[in-house]
Amino acid sequence: MALPAPPEARSAGCASVRLGCAPASPAPSAVTVPPEKAPDGGNNNGTAGSEGPLRSARRVMRERSRPRGRREAGGSGGRSAGGAVSPRRERRGGPAAGSGRRLAMEEGAADLRQRKNQNCTESDKMAPEERNKENSKLGRSPKYILIQRFAKLFFGCVAAVASGMMYAVYLSTYHERKFWFSSRQELEREITFQGDSAIYYSFYKELLKAPSFERGVYELTHNNKTISLKTINAVQQMTLYPELIASVLYQASGSQEVIEPVYFYIGIVFGLQGIYVTALFVTSWVMSGTWLAGMLTVAWFIINRTDTTRIDYSIPSRENWALPYFACQVAALTGYLKKNLNCSAEKFCYLLVSASTYTFMMMWEYSHYLLFVQAVSLFLLDSFALAQTEKVHEVYKIYLFSLFLGYLLQFENSALLVSPLLSLIAVLMLSKCLQMNMKKGTFMSRLLKIMYVYLVLTITVTLNFLLKMFVPHKENEHLLKFIEVKLGLNRTKNFTMNWLLCQESLQTPSQDFFLRLTQSSLLPFYIFVFIICLFSVTQVIFRRICGEPLKETVNLEDGRIGERPEIVYHVIHTILLGCLAMCLEGMKYLWTPYVCTLAAFGVCSPELWMTLFKWLRLKAVHPILLALTLSMAVPTIIGFSLWKEFFPRIMTELSELQEFYDPDTVELMTWIKRQAPVAAVFAGSPQLMGVIKLCTGWMVSSLPLYNDDDLLKRNENIYQIYSKRSAEDIYKILTSYKANFLIIEDSICNEVGPVRGCRVKDLLDIANGHVVCEEGDSYASSKYGRFCHEIKMNYSPYVNYFTRVYWNRSYFVYRINTVISFQS
């Protein structure tokens, strides 16, 4: 039979374990305390009353909360080295005790500030003995914790990599089924590249045919064999760094005898799309803490492939090369913004952000605009002190370094100097001191943050305007004009502007877009998650304005998901990208992938459910238990429903053999390669000219590129072959570009578009003033017939300038006469 413990041991144990524990009976010998002044002003005679254990417990808790160095110096019970009571502990309410408490509070505050400014977290500094002690309290050994974390990380990484590889295989299989790619001849394979995609792949072919890589690069930077009467730096103007990398890898890896160049090229693009999906997986995983969110992100991304990627339409397009690197940058930035991140993980995220930011900037000529949107998100995040200022400014430095290095390696590309990203970062770096002081002010100074945001944006616009005045650049002026016309601030009859406005990718999203997202359940869950996160972020911002500090660590029971900086960043980022997507449908390829990420994170995050339950003040069921249950049950139900409805469709899509049959284009390319002179120059629609350049290698008069004012003017002039102009006018235009052959496309000449007024011939009539519209009625005012129709009649004066040399059902080829013969 065990003996009862002495009363001293029972009281000491109770005081050391629980705060405020009192003995069952006020025995005089329960606890012996040092002789100090009692709370009522009397002296203790070596015994403690009913409050003795409570005071002892409070003393123990004060000593535990005191910094380690002070506990070692002052002893565990506040005594001196000789056992005497410290003078400042004699009176609880006296001046000495008050000054001691103030000194302790000041030292504790200084210690807290020092811990906040350090890069490493408190968990990294914690001694192994203390971590082991905490794990032992939870009944888990350190070895068990290590194995559990390793298993979670291992299986999550396997799932992320497997998702990316499966998506790449899926794209390759779908591409094979769609075009019968492996059973086609080389010419038929190349015809599948349309528009600007054909131009990019044609330069990849030229690099492989060059005697050396250095010679190939020189020919591209001094290219005079693509566009007539024009020498261009194709590497800079068309951002051909992906083709340079692909050609180097193809030749250096010795793949010439193993795989054909076209398969190697599209294989790299499909592999990058797999990396894209993996990066989205990791982003959702980092935000939610479970790789179940990553699996749901991938499922939604693949199901909504029509609205998440353009890989089906143009494989070599610049965004298909660049956006995977941007997704990697966003994933690394999400981890970098997290609180309580250890040193190794923080350094890894920083290096990955740096590398992916620069690579993304080199792959796409419009990348700095997307980085500008991201910089605005970080600026708003930092303005309300929702993230560590040091981290945000480190990202700003990465932007500056990437712009500077990109400027040098892109042949001193002046477009980067006049980019809004550089102007914003310059203003933010200069206003760093002002921003930090505003965070430390009173309530009124915090309200001035709104004025601060306004001033920064205003100065950024002013600085960008001044840079464009003094820095010579060739940036697209038509972009600003397009924005003015798009917003209704201006009206124009310019053919290029109206043609761009009629493009589907530059119009507002259709109802079908939202219907598709709703049918896949993505849009409803995104709205649900977005509203909760937005309201939580708004509450946090209001608390910051009122002076309430953020918590160092946000626990699950707190229900404050808006205090996590990486969540706030994604909320702001999706808002900005969503505004762009609502204006231009082409921007949906930037917005929808992060809609998948945010929606999947939300339904799999117990913190989001806990935030909702905190607002609802749920008491019937334990909120933490319910949040954990819903974070597992809801994504599981969504996953099964998506599997049941969409998996059969995907398998049917992969099993169907589609047919890409375009014999007229094949016949035209074959005739050009066999009959046309080597030095011939062809004129026609820019889309067709890109295919001719790829399939035949002949020189053309225009290209489907819209980042150069001279090429835009060429395209408009050559499109006049479908207008109501005289034969003499068309002849002068074509000979001014040294064109030898003219190709008329029957599909453009007899176009019947769904929107009357957006056809090429209608836009030309409006630009030339050949059509006057009054109250819905159109009146023709040109005395000439439509050129593409009249030239087919083979009568004078058209036969004097042009001679038909080839035709089929879709194309009519005319030789431009060098000697004009006037026939009756």
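Which residue in S7 does Phe802 stand opposite? Let's work our way to that spot through the whole chain, keeping in mind that this is a predicted model.

The protein chain contains 40 helices and seven strands. Of its 824 residues, 47% count as buried. If you take the contacts between residues at least 6 apart in sequence, 70% of them join residues at least 24 apart.

Now to some helix pairs. Two packed helices are described by the angle between their axes and the distance between the axes. Start with helix H9 (residues 196-209) and helix H12 (residues 241-252), whose axes come within 9 Å and cross at roughly 40°. That angle makes H9 oblique to H12. The crossing of H9 past H12 is right-handed. On the H9 side, the contact is made by Tyr200, Tyr204, Leu207 and Leu208, while H12 brings Glu243, Leu244, Ala246, Ser247, Tyr250 and Gln251.

Next, look at helix H18 (residues 367-383) and helix H21 (residues 420-430). Their axes come within 8 Å and cross at roughly 25°. Angles under 35 degrees count as roughly parallel, and H18 and H21 are therefore roughly parallel to each other. Their crossing is left-handed. From H18, the residues His368, Tyr369, Leu371, Phe372, Ala375, Val376 and Phe379 meet Pro420, Leu421, Leu424, Ile425 and Leu428 of H21. The residues of the contact of H18 with H21 divide into eleven nonpolar, one polar and no charged.

Is Leu630 buried or partly exposed? With a relative accessibility of 23%, Leu630 counts as partly exposed. Setting aside neighbours within four places in sequence, Leu630 is in contact with Val603, Trp609, Phe613 and Pro635. The C-alpha atoms of Leu630 and Pro606 are separated by 7.5 Å, although these residues are 24 apart along the chain.

That brings us to the sheet. Strands of a sheet pair through backbone hydrogen bonds, either parallel or antiparallel. Here five strands form an open sheet with mixed pairing, in the order S2-S1-S3-S7-S6. Strand S2 (699-700) and strand S6 (802-807) stand at the edges with a single partner strand each, so one side of each is left without a neighbour in the sheet.

S6 pairs with strand S7 (residues 811-816) in the antiparallel sense over five bridges, and a hairpin of three residues joins the two. Here is the answer to the opening question: Phe802 stands opposite Ile816 in S7. Thr803, for its part, stands opposite Arg815 in S7. Helix H33 (residues 663-675) packs on the sheet, touching strand S1 (681-683), strand S3 (741-745), S6 and S7. The direction of H33 makes about 25° with that of S7.

S3 and S7 pair in the antiparallel sense over five bridges, with Ile743 opposite Val813 in S7. S1 and S3, in contrast, pair in the parallel sense over two bridges, and Ala683 stands opposite Leu742 in S3. How many of the five residues of S3 are buried? The count is five of five, and S3 is mostly covered. Phe741, Ile743 and Glu745 point one way from S3 and Leu742 and Ile744 the other way, and all are buried.

Finally, a few backbone details are worth a look. Ser796 and Pro797 are joined by a cis peptide bond, with omega about 10°. Pro797 is found in the loop between helix H39 (787-790) and helix H40 (798-801). Asn794 has its place in the loop between H39 and H40 and, although not a glycine, has a positive phi of about 60°. With a relative accessible area of 39%, Asn794 is partly exposed. Trp180 is not a glycine either, and has a positive phi of about 50°. You will find Trp180 in the loop between helix H7 (142-179) and helix H8 (186-191), where, at 34% relative accessibility, Trp180 counts as partly exposed.

Key: Residues are numbered from 1 along each chain as its sequence is written. This is a predicted model: local features need pLDDT of at least 70, side-chain atom pairs count only at pLDDT 80 or more; totals for chains, interfaces and linings use all residues. Side-chain values use heavy atoms; hydrogens and water are left out. Axes are lines fitted to C-alpha atoms, for helices over the stretch in contact, and angles run from 0 to 180 degrees between N-to-C directions. Helices (H or I, at least four residues) and strands (E, at least two) are DSSP runs, numbered from the N terminus. Angles under 35 degrees count as roughly parallel, over 145 as roughly antiparallel, 65 to 115 as roughly perpendicular and the rest as oblique. A crossing is left-handed if the near helix is turned anticlockwise from the far one by less than a right angle, and right-handed if clockwise. Contact means heavy atoms within 4.5 Å. Two strands pair if DSSP finds at least two bridges between them. Buried means under 20% relative accessible area, exposed over 50%, partly exposed in between (1.4 Å probe, protein chains only). Ala, Val, Leu, Ile, Met, Phe, Trp, Tyr, Cys and Pro count as nonpolar, Asp, Glu, Lys and Arg as charged, and the others, Gly among them, as polar.
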